[in-house]
Amino acid sequence: MKPYLGAIDQGTTSSRFLIFDASGAVVAMAQREHHQICPGPGLVEHDAEEILANTLAVTHEALAKAGLGASDLAAIGITNQRETSLLWDRRTGRPLAHALVWQDTRTTAMIPRFAAGEQGARIRALTGLPLASYFSALKLHWLLRHIEDARRRAAAGEVLFGTIDSWLAWHLTGGPAGGLHITDVTNASRTQLMNLATCAWDETLLETFAIPTACLPRIVSSSARLGTIALPPLKGVPLAGLIGDQQAALVGQACFAPGEAKNTYGTGSFLLMNTGTTPIISQSGLLTTLAYRFGAAAPCYALEGAIAVTGALVQWLRDNLGLIASATEIEALARTVPDNGDVYIVPAFSGLYAPYWNEAARGVIAGLTRFAGRGHIARAALEAAAYQVRDVVAAMAADSGLPLAHLKADGGMAVNDFLLQFQADILNAPVLRPAVTETTALGAAYAAGLAMGVWREPAELAAHWRLERLFSPEMAEADRTRHCHGWAKAVRRALDWVDAPG
């Protein structure tokens, strides 16, 4: 048995390649950022060709660091930013336009038309998702309308649609020379075109959004031997895992039992709770989504709270305001003050996602006085991440009836001790940080390894999970209540900031 597994982790801001051994430990990693293209307010695009080039570059770099070659890998898995959508030419492999990123809000004005009458409720019942600019269906509808001749060519099968997993898998397995046009159930469940119950493209939804079937990828399991990589440096390695980034983190955190939950603190934050083989349609502003499907086993579902901006707020303080020179400085700056000085930041840069789903919300900084300084702003930025997670946890408990025993934390911001302690305080529940925080890539490697027999069952993966640090709640109840009251007031100021057209 080959001892190593590779994982392509294609995220919102960077592409990475990680190599893991059979115990789940990181052997080597390489990373490259790609450009964030923002041609106007609310518009966010990526150059898919840059992402592909970076992906190939980081695989070279990580293999070289480890002193390994393709023949040393049992398989690779791909995990990816979800919902980001693009069209490309089947013959040339070139994108027709930049990819529309999940954060892009250009389709917001379409929502009332698609939600008219009972249609919005029907779409949510079929997909588990509310109508929002977040998901792929409206993005694809927009691309087909605004790119010349795209709809005709898509209907003829000359143009292919995909999220970033599909784009990478197609190119890596041959591209125009027979590449696999596939997506897994987790990514498909985020397009708002897949039926949750059947895990297949839904004809009613395709008709509603005017999407030609011929341009869509084939839906596959998250863990299965899918094909073989055709490009160096991974040529000949089996592709055996395909899974959206947040579901991959759920797998990497070994949350295989109903009620187990993780939160990934990244550009945004995404809290997922495993609900087993039965989907729970949220009544509290959460998303119902596929958690994973291993081989031919029954699919497992999750409730998800998607938060648009957490780590991106720290980047904004760095890049737009110059408050810090690097993201790593934020914790030290926040610790220069004993409290937030009654300052709250609601980072609704592109509206508020779960549990509010208010596209017209915009960011606010509330409670400012002459007393407020850089430290208070930094502290409020970190606290904003924790407050948003608390809102989602409350909604999740209401939907599932399952109280949160503890929260497993991962993602780039999980290294921040201040954030995780405040999170435990404001949740009044323990927060657990694993020894391996690269859980998104680890989940993709786990999916690939299960398909190839490196591990026989998920229980073996759970045995690998190790605790690095436990954060226990220390805040007095009166302080917790006061802080949450201040946050709720700030949120109310942010809601419905953008006036309706006309």
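A cavity, as the word is used here, is a set of grid points where a 1.4 Å probe fits but cannot get out, whereas a pocket is an open set. With that in hand, a search of the whole structure, which is a predicted model, finds one cavity of 30 Å³ or more.

**The enclosed space**

The largest cavity has a volume of about 70 Å³. Its lining is made up of 14 residues, and those nearest the centre are Ile307, Leu352, Tyr353, Ala354 and Gln388. Two elements, strand S19 (300–307) and helix H12 (374–400), each supply at least two residues of this lining. By class, the lining of the largest cavity holds eleven nonpolar residues, two polar and one charged.

**The open spaces**

| Space | Volume | Lining residues |
|---|---|---|
| Largest pocket | about 1100 Å³ | 38 residues |
| Second largest pocket | about 680 Å³ | 22 residues |
| Largest cavity | about 70 Å³ | 14 residues |

If you want to find the largest pocket on your screen, look for Tyr265, Gly266, Gly411, Gly412 and Met413, which lie nearest its centre. Several elements each give at least two residues to its lining, among them strand S2 (14–21), strand S3 (26–33), strand S16 (261–265) and helix H11 (330–334). Helices H9 (245–252) and H14 (439–452) also each supply at least two. The class count for the lining of the largest pocket is nine nonpolar, 20 polar and nine charged residues.

For the second largest pocket, the residues to look for are Cys38, Gln103, Ala312, Gln315 and Phe349, nearest its centre. Strand S4 (37–40), strand S5 (43–46) and H10 each contribute at least two residues to that lining. Here the classes come to eight nonpolar, eleven polar and three charged residues.

**Helix H10, a part of both pocket linings**

Which helix gives the most to the lining of the largest pocket? The answer is H10, with four residues. H10 also gives the most to the lining of the second largest pocket, with five residues. Within H10, the residues Gly311, Ala312, Leu313, Val314 and Leu317 are buried. The cover over these buried residues includes H11, strand S20 (344–346) and H12.

**Helices H9 and H14**

H9 and H14 also meet one another. Two packed helices are described by the angle between their axes and the distance between the axes. The axes of H9 and H14 come within 7 Å and cross at roughly 80°. Since angles of 65 to 115 degrees count as roughly perpendicular, H9 is therefore roughly perpendicular to H14. On the H9 side, the contact is made by Asp245, Ala248, Ala249, Val251 and Gly252, which meet Thr439, Thr440, Leu442, Gly443, Ala444 and Tyr446 in H14. The residues of this contact divide into six nonpolar, four polar and one charged.

**Helix H4, mostly covered**

Helix H4 (residues 136–146) has nine of its eleven residues buried. The buried residues are Ser136, Ala137, Leu138, Lys139, Leu140, His141, Trp142, Leu143 and Leu144. What do the buried residues of H4 pack against? Their partners are strand S7 (85–89), strand S8 (99–100), helix H2 (111–115), helix H5 (150–155), strand S9 (159–163) and helix H8 (203–209).

Definitions and conventions. Residues numbered from 1 in each chain as written. Predicted model: local features only at pLDDT ≥ 70, side-chain atom pairs only at ≥ 80, totals over all residues. Heavy atoms only, no water. 1 Å grid on protein atoms, 1.4 Å probe; cavity = no way out; pocket = protein on both sides within 12 Å on 5 of 7 lines; lining within 4 Å. Points joined across faces, edges and corners; volume = space filled by probe spheres on them. Nonpolar A, V, L, I, M, F, W, Y, C, P; charged D, E, K, R; others polar. Axes fitted to C-alpha atoms, helices over the stretch in contact; angles between N-to-C directions. Parallel < 35°, antiparallel > 145°, perpendicular 65-115°, else oblique. Contact = heavy atoms within 4.5 Å. Buried < 20%, exposed > 50% of the residue type's maximum accessible area, 1.4 Å probe, protein only.
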